[in-house]
Structure formats: C-alpha cells, structure tokens
Amino acid sequence: MSDHVLVPIDDSDRSADALEFACQEYPDATITALHVIDPGDFYAATGIEGGAMANYEEIQKHHESRADELLESARKQADTFGVEIQTDRVVGGISRSIVNYTEENDVDHITIGSHGRTGASRILLGSVAENVARRSPVPVTIVR
C-alpha cells in the first residue's frame, strides 16, 4: 500500500485519468497533484521584436496562474471521489522536477498519464512518462 502518491498534472485528458486512477486505487493515501512549469515555455512565448525584450515576469505570472487553475480543477476532480488532495507547483524541467519532487517529499509511488505518443516522435523525443519511469526511485504507474 502506498502512503504518498504523486500525480503530475497538465491540461491533458491522460493526467485527469491518472488522478482518477490514484483516487480510486489509493483513497487512503496522501495524494499530491503536481504541476511543473517548464521555463522553456517562457522563452518560447517570447522573442525580440523591434529590439525590445519581452517581460519574462509577466509571462511567468501567466504560467503560474494557469498552473493554479489546473490544480484547482484537480482538487475539484478528486473531491468527486471523496478524496482530499494536496497540490503543488514547481518551475523546472518536467521529468527531472517530478523525480526531484519525489525524492524530496517522501513520495512512494507516482501515477502519471501517458500521452500515447507513437512512431518516430516517440523514439526521437521520448515522453515525460517514460523518462520518469526510467529515473524514478519509486514505482511508477502509467495510465493510458
């Protein structure tokens, strides 16, 4: 039996499925929904226009606000199963941040959604779920 389950959350149906699975399979565990804000997204959304640099703080605040909305949605979803969850958000590389969070917060199981990537993109790019499963110090359940 797992005591602390981590569920990485993004805006995909698969992450919602992973949260549902965790709520049903581990209703007595501490469940933490984690959203990782990738700082690469700050730079991807900006550029140099007319010599002016974009306001990174403003972009980061936007991403943080979006993360808070996703985590609130996760709380509401878990509530439909009668489960109260913890939520957190961090900034960093997604796979690495999930593994680091696991190590630093006494997580003993990760339940993560798969995006079902296939073909060449899966081979060339890998997936967050696969990277987490390879690097995790605890068991990982990938929900499809």
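Buried means under 20% relative accessible area, exposed means over 50%, and partly exposed lies in between, with a 1.4 Å probe and protein chains only. By that cut-off strand E4 is mostly covered, since five of its five residues are buried. This is a predicted model, in which local features need pLDDT of at least 70 and side-chain atom pairs count only at pLDDT 80 or more, while totals for chains, interfaces and linings use all residues. Residues are numbered from 1 along each chain as its sequence is written, and side-chain values use heavy atoms, with hydrogens and water left out. Helices (H or I, at least four residues) and strands (E, at least two) are DSSP runs, numbered from the N terminus.

- Strands pair if DSSP finds at least two bridges between them.
- E1 and E4 run parallel and are joined by two bridges; Val5 stands opposite His109 in E4.
- E4 also pairs in the parallel sense with strand E5 (residues 140-143), over four bridges, and Gly113 has Val143 in E5 as its bridge partner.

**Helix H4**

- Helix H4 covers residues 94-104, and its Ser95, Ser97, Ile98, Val99, Tyr101 and Thr102 are buried.
- These buried residues pack (contact means heavy atoms within 4.5 Å) against strands E1 (4-8), E2 (30-37), E3 (86-91) and E4 (109-113), and against H6.
- Just after H4, Asp106 takes a positive phi of about 55°.

**Helix H3**

- The expected span of a helix is 1.5 Å times one less than its number of residues.
- For the 24 residues of H3 (residues 56-79) this should give 34 Å, which agrees with the 35 Å between the end C-alpha atoms.
- Buried positions in H3 are Ile59, His63, Glu64, Ala67, Leu70, Leu71, Ala74 and Ala78.
- An α-helix has 3.6 residues a turn, so residues three or four places apart point the same way.

**Salt bridges**

- A salt bridge is a side-chain nitrogen of Lys or Arg within 4 Å of a carboxyl oxygen of Asp or Glu; a search of the whole structure finds six.
- The side chains of Arg66 and Asp11 form one of them, at 3.9 Å from N to O. This pair links distant parts of the chain, with Arg66 in helix H3 and Asp11 in the loop between E1 and H1, 55 residues apart.
- Arg66 is partly exposed at 36% relative accessibility, whereas Asp11 is exposed at 59%.
- Arg66 also meets Glu69 in a salt bridge at 3.4 Å, N to O; both lie in helix H3, three residues apart, about one turn of the helix.
- Arg89 and Asp68 form a salt bridge at 2.7 Å, N to O. Their pair links distant parts of the chain, Arg89 in strand E3 and Asp68 in helix H3, 21 residues apart.
- Salt bridges that share partners join Asp11, Arg66 and Glu69 into one network.

- Ser127 lies in the loop between helix H5 (119-125) and helix H6 (128-135), and is buried at 16% relative accessible area.
- A polar atom of the Ser127 side chain lies 3.1 Å from the backbone nitrogen of Glu130.
- Asp17 is in helix H1 (residues 13-25) and is partly exposed at 26% relative accessibility.
- Asp17 and Ser114 are 97 residues apart in sequence, and their C-alpha atoms are 9.4 Å apart in space.

Note on methods:
A polar contact is a pair of N or O atoms within 3.5 Å; within protein, one must be able to donate a hydrogen and the other to accept it, and residues adjacent in sequence count only if both atoms are side-chain atoms.
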